[in-house]
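Grab a pencil and work through these exercises on the model below. Each task comes with a stepwise solution.

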Amino acid sequence: MEPTRTSSAPSARHEAYWRAQIRRILILLAVWAFVAFGLSIILAPALNAVSLGGVPLGFWMAQQGSIFAFVVLIWIYARASDRADRAFGVDETPETTSHGVEAH
Amino acid sequence: MGIQEWTWVTVGLTFSAYLYIGYRSRVATTAGFYVAGQGVGSIANGAATAADWMSAASFIGMAGLIAFQGFDGSVYLMGWTGGYVLLALLLAPFLRKFGQYTVPDFVASRYDSTLARVVAAVAAIFVSFTYVAGQMKGVGVAFSRFLGVELWMGVVIGMVIVSFFSTIGGMKGITYTQVAQYAVLILAYTIPAVAIAWALFGNPIPQLALGSAVPALNQLQADLGLDPYTSPFVNTDMLNVIAITLCLMAGTAGLPHVIVRFYTARDVRSARWSAFWALLFIALLYTTAPAIAIFVKTDILRQFAENGAAGFVNLSWVQNWAQTGLIDTQAILADGTVNAILDKAVMDRDIMVLATPEIAGLPPFVVALVAAGGLAAALSTASGLLLVISSSLAHDLYGKILHPEASDERKLFVGRLMIFFAVIVAGLFGIRPPGFVAEVVAFAFGLAAASFFPIIVLGIFWKRANKYGAVTGMIVGLTFTFVMIALMKANVVLGTAEPLMDDFLGIGAQGIGVVGMLLNFALTIGISLVTPPPPEAVQDLVEQIRYPRILSDAEIEEHHHLHDPVAA
């Protein structure tokens, strides 16, 4: 099936989609690294001075909080990507779902 | 009924269910056999991924390890969950768009090289065998303790079950069996945790009971003259905590049996949501594990403080486990201090989760449920790994290189044969286990992080990466990591009296994969830059996998004009 075309070059829109995805991935990975290696390891000794309902905060981040944060990060990524797919016209229909791409 | 009778009931029921599901999901094509026909919805795929992922090490070994390492045990919790962020953001949707059967398929197409396929297939087999040994040992331990059969007999029973549903159902049988196994293992893991949290702290949610449990344990450790449980870097320094965490994360994202789970998703969108559901399901267990670790450590230390060494060895759960040889009561009596039970040679970490219900005095059917859960965790991971081994041998080496002309029927037959062969080898590994569960598994991560992760990420995000870089990067990363682990664990791997090396730049065996990974990245980038760029067809493939829907040839063509205005 030939996809519908808009007047502006679709390739330019694809480029914009990919740049937006890269930007989103970099931002989310920065948060991931800060939560995991910053708050839960490097800053953990300092954060342990703070108590979160009886549990030292650094310890809680490392064994509970970071895991919750990872789940939320993927949720944000999946949801934002769904929206971007539609906005840039690269979302899948049953006819345009890949079942194996060959280099041709 | 006692523990043993109840265990026969839970194991009998769950195993029958797996066999039934496996039979219902039998397949007749290679697409069904390797990627479940690419028709699995995101929630089911997420649950299957979670079961595939959570191994005997996660279920049986992890809480015990954390209980004895305290804060430093966080490396496992963060490493084995944080890797999903890398998977979801950097790999899963793109590999689903690529959409073939195996990880070596991607490596071969992206790097336009049969050599790359061979190296990737061999690496996949190597990594998966390292990992599967621990699963089979887990099956044997659970059977020998709870059903009173010999360890080898337990392994054989596990082999028969796995070979049945994976041979006839392939990935489809494995996927739907794993969904059932997830349900069994999560119930088995959380029910005792909820019961203990309720009994000791009056709060049914283990994660929330930490508020009372943590201060109590820190106090108890202080009374016994130990460091606080929550203090960082007591057993492992900060550099190694960072290295191990990162190594487990990148390894998670590079393990072929995890990556291939995203090939089974319905479409790209579903691959992203599969990653979300998978991590949510995993997080249920992974946030419960530290609570179990704290409950069990508190119980053990309290029982020791109250009874002294002589009274402690007479407790019925200690006696039960002493019979399996996993607790050394003589050593506890000889030493007489709390340090004896904190020594892993005296009290094996692997028994902690399986012993939790007994330690807390929960009824026999809960103990039996935990046994069934441990078996579900071990079998589900083993089956996923066996499929990777089979697909590497039958699809990549036989079907793509040796006999590409073979019919689909013939290829399917070889696939079934190879999975059967892999089960036998894995079973032999399980009967002669090469070390304690979680440690063996941890090495598979280093190997995966150093071989697959860098070249797949670069393959998706950098069109310039070529086969010369990738093949060198993969071989050097894998070899470096393997040699380092062998030297640092020479006492286990090579049988020398002492390790031949303690660390490399301060990084020990568990985190060394990070150095291998950086080497791989550096070599792939460096060598690609000084050798010719990949052919245009490969660059088009990279362009194609970045977008969820299939772009037409005309659309791909336009991208060339965009980058090369002269041609326009």
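A residue is buried if 20 or more other C-beta atoms lie within 10 Å of its own, exposed if 12 or fewer, and partly exposed in between, with C-beta atoms placed from the backbone. This is a predicted model, where local features need pLDDT of at least 70, side-chain atom pairs count only at pLDDT 80 or more, and totals for chains, interfaces and linings use all residues. Residues are numbered from 1 along each chain as its sequence is written, while chains are lettered from A and ligands numbered from 1 in the order in which they are written.

**Exercise 1.** Work out what share of chain A is buried.

Solution. Take the 104 residues of chain A; 36% of them are buried.

**Exercise 2.** Find where chain A meets chain B.

Solution. Count two residues as in contact if their C-beta atoms, placed from the backbone, lie within 7 Å. Chain A then brings 54 residues and chain B brings 58. On the chain A side, the elements giving two or more residues are helix 1 (10-42), helix 2 (44-47), strand 2 (55-56) and helix 3. Helix 3 of chain A supplies the largest share, 17 residues.

Notes. Helices (H or I, at least four residues) and strands (E, at least two) are DSSP runs, numbered from the N terminus.
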